[in-house]
Amino acid sequence: ASIAIELNRPQPDWDGVLRVIDLGLNVAEDDPRMYEAIGIVIGRNQEAEFAHLRTVLEEALASGRAPATCHLLLGSVLGASGEIEQGIRHLRLAMQEYPEHPLVANNLAMLLLRKSAPQPEEALALADRAVAAAPHLADIRDTRGQALFALGRFDEALPELEKAITIEQDQALRHTMLAEIYERRSDARMAERHRHRAEELSAE
């Protein structure tokens, strides 16, 4: 809880945050608090704050403080801000240190799906590894579901996307995917429910 509180301050102690995340990544691979912390960091990527956060992480990386964790955070933040290729490069470097960490694999898989030329096969391979390590985390099931959807494996994607249906990020997209899947399954009622929910979320 303490790291979440710190991250929600107007001016977090970024050096302290980096130390805690770095420790957490090395202690418990499936600790949901680390996923929450990374999510909050990614959420703080707006305008001037993004520039400041990027500078903090780049300076920490240049000084040799927790390099793999810096690459993970930089890759995730850059990807969320639309710099997909830069984000992928940083996440691939993070994977050299954390080759089996589900959070690193998951975040890299998601950016591979968001490329202008998506790579769903590699994304699914990474998502499969992440799910094997942390099957109870909804964000990871969601990534696997989106990779399966991109590959046209709709029946397999359905339960994965439904496990992640309440995640706020990309919620409208998730409902749109589920609407298409149910349409393909000739279930017009469920398809319409998901389509309607996607429209509501998009209008908010």
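Predicted model: local features only at pLDDT ≥ 70, side-chain atom pairs only at ≥ 80, totals over all residues.

Q: Why is Thr-143 called buried?
A: The cut-off for buried is under 20% relative accessible area. Thr-143 has 1% relative accessibility, so Thr-143 counts as buried.

Q: Where does Thr-143 lie, and which residues does Thr-143 touch beyond four places in sequence?
A: Helix α9, residues 138–150, holds Thr-143. Leaving out residues up to four places away in sequence, Thr-143 touches Asn-106, Ala-109, Met-110, Leu-113 and Ala-127. Contact here means heavy atoms within 4.5 Å.

Q: Which residues of α6 are buried?
A: The buried residues in α6 are Ile-84, Gly-87, Ile-88, His-90, Leu-91, Ala-94 and Met-95. As background, an α-helix has 3.6 residues a turn, so residues three or four places apart point the same way.

Q: What makes the lining of the largest cavity mostly a matter of one class of residue, and which residues form that lining?
A: The lining consists of Trp-14, Asp-15, Val-17, Leu-18, Val-41, Leu-53, Val-56, Leu-57 and Leu-73. Two elements, α2 (14–27) and α4 (47–62), each give two or more residues to the lining. The largest share, 4 residues, comes from α2. By class, the lining divides into 8 nonpolar, no polar and 1 charged. Asp counts as charged, whereas Trp, Val and Leu count as nonpolar.

Q: How many cavities does a search of the whole structure find, and how much space lies in the largest cavity?
A: The search finds 2 cavities of 30 Å³ or more. The largest cavity holds about 60 Å³ of space.

Q: What makes up the lining of the largest pocket?
A: The pocket holds about 430 Å³ of space and is lined by 22 residues, with Ile-42, Asn-106, Asn-107, Asp-139 and Gln-169 nearest its centre. Two or more lining residues come from each of α3 (32–43), α5 (67–80), α7 (102–114) and α9. The largest share is that of α7, with 6 residues. The classes are 9 nonpolar, 7 polar and 6 charged residues.

Q: Which residues have the most contacts inside the largest nonpolar core?
A: Leu-7, Ile-21, Val-41 and Leu-72 have the most contacts inside this core of 63 residues. Helix α7 gives the most to the core, with 9 residues. Leaving aside neighbours within four places in sequence, Val-41 is in contact with Leu-7, Trp-14, Ile-21, Leu-53, Leu-73 and Val-77. In soluble globular proteins, nonpolar side chains tend to be buried together.

Q: Why is Ala-60 called buried?
A: Buried requires under 20% relative accessible area. Ala-60 has 1%, so Ala-60 counts as buried. Ala-60 is placed in helix α4 and touches Leu-18, Arg-65 and Cys-70, not counting residues up to four places away in sequence. The C-alpha atoms of Ala-60 and Trp-14 are separated by 9.7 Å, with the two residues 46 residues apart along the chain.

Q: Why does Gln-171 count as buried?
A: The limit is under 20%, and Gln-171 has 16% relative accessibility, so Gln-171 counts as buried. Gln-171 is in helix α11 (residues 171–184). Beyond four places in sequence, Gln-171 touches Ile-165, Thr-166 and Leu-201.

Q: Is Ala-66 buried or exposed, and what is noted about its phi?
A: At 18% relative accessibility, Ala-66 falls under the 20% limit and therefore counts as buried. Its phi is near 45 degrees, a positive value in a residue other than glycine. Ala-66 is in the loop between α4 and α5.

Q: Why is Asp-170 called partly exposed?
A: Partly exposed lies between the limits of under 20% for buried and over 50% for exposed. Asp-170 has a relative accessible area of 26%, so Asp-170 is partly exposed. Asp-170 is in the loop between α10 (154–163) and α11, and its phi is near 60 degrees, a positive value in a residue other than glycine.

Conventions:
Residues numbered from 1 in each chain as written. Heavy atoms only, no water. Buried < 20%, exposed > 50% of the residue type's maximum accessible area, 1.4 Å probe, protein only. 1 Å grid on protein atoms, 1.4 Å probe; cavity = no way out; pocket = protein on both sides within 12 Å on 5 of 7 lines; lining within 4 Å. Points joined across faces, edges and corners; volume = space filled by probe spheres on them. Core = buried A, V, L, I, M, F, W, Y, C linked by side-chain atoms within 4.5 Å.
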